[in-house]
Amino acid sequence: MEREKALEIVQPHLTEHRYQHTLGVMQTALRLARKFGVDEKKAEIAAIFHDYAKFRNKDEMRSLIREKLQWLEILDYGDELLHAPCGAYYVQHEVGIRDQEILGAIAYHTTGKPGMNDLEKVIFLADYIEPGRHFKGVDEVRALAEDDLDEAILQSLHNTVQFLMNRRQLIFPDTLATYNDFIFKKKRRSDR
Ligand code: DGI
Ligand code: FE
Ligand code: FE
């Protein structure tokens, strides 16, 4: 699908602010994909659609999770997590995108998952560091992203877990499992 067509499809689903964020994620994902040898076309499409379900009805998404996606655990960890797996489902069934790599990158863009592939990493990181993001610690992650996807993601996960803990919020187990996975990999690299 061409970029212009994809943007035209996604725009009515988003606020102006979220659309600008999406353009930032697209540009950043393209840059990271080029740098780290990831398919640029897939990165572009996954970035454009990553927040497709951000403003969908929460009850509708909870039903979808229960009945179609059967991922009950996620329901207990807050509504913010719903738009990623539901987005992948809607993008497949409403937009007609069938590429499993693109759908996976959308589904796991909020929590990550253990064993992320490079496309998933690029979208996860682009979502965190796009130019419109201004939260604490983002510049450190931007600097790490210049030469190491894994180090940058590890730092972003560290920041997110810390952010959630400071607010006494629930941490989704997959977010922690993703963090552990990157720590394990780092340890294996340094043990070699
Ligand atoms: O959709 P965006 O705002 O662009 O970014 P996102 O998809 O990364 O969503 C960020 C939100 O998700 C933010 O409010 C924090 C929340 N979040 C991320 N990881 C976890 C989480 N919330 C819970 N409860 N547990 C997590 O592990
Ligand atoms: Fe999101
Ligand atoms: Fe986003």
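Which residue bridges the iron ion (ligand 3) and the iron ion (ligand 2)? Select Asp-51: this residue links the two ions, which lie 3.5 Å apart.

Before going further, a word on what you have open: this is a predicted model, in which local features need pLDDT of at least 70, side-chain atom pairs count only at pLDDT 80 or more, and totals for chains, interfaces and linings use all residues. Residues are numbered from 1 along each chain as its sequence is written, chains are lettered from A and ligands numbered from 1 in the order in which they are written, and side-chain values use heavy atoms, with hydrogens and water left out.

**Stop one: the iron ion (ligand 3)**

Show the protein donors around this ion: His-21 (NE2), His-50 (NE2), Asp-51 (OD) and Asp-127 (OD), lying 2.2 Å from it. Donors here are N, O and S atoms within 2.8 Å of the metal (3.2 Å for Na, K and Ca); water is not among the atoms, so sites may look incomplete. Along the chain, the donors follow the spacing H-x28-H-D-x75-D.

Now colour the two histidines. His-21 sits in helix α2 (residues 16-36), while His-50 is in the loop between α3 (40-49) and α4 (58-69), 29 residues apart, so the pair links distant parts of the chain. Helices are DSSP runs (H or I, at least four residues), numbered from the N terminus. Both histidines, His-21 and His-50, are buried, meaning under 20% relative accessible area (1.4 Å probe, protein chains only), whereas exposed means over 50%.

**Stop two: two loops**

Move to Gln-70, in the loop between α4 and α5 (83-95). Its phi is near 45 degrees, a positive value in a residue other than glycine, and Gln-70 is exposed, at 62% relative accessible area.

Finish at Arg-168, between α9 (149-166) and α10 (173-191). Arg-168 has a positive phi too, near 55 degrees, and is exposed at 75% relative accessibility.
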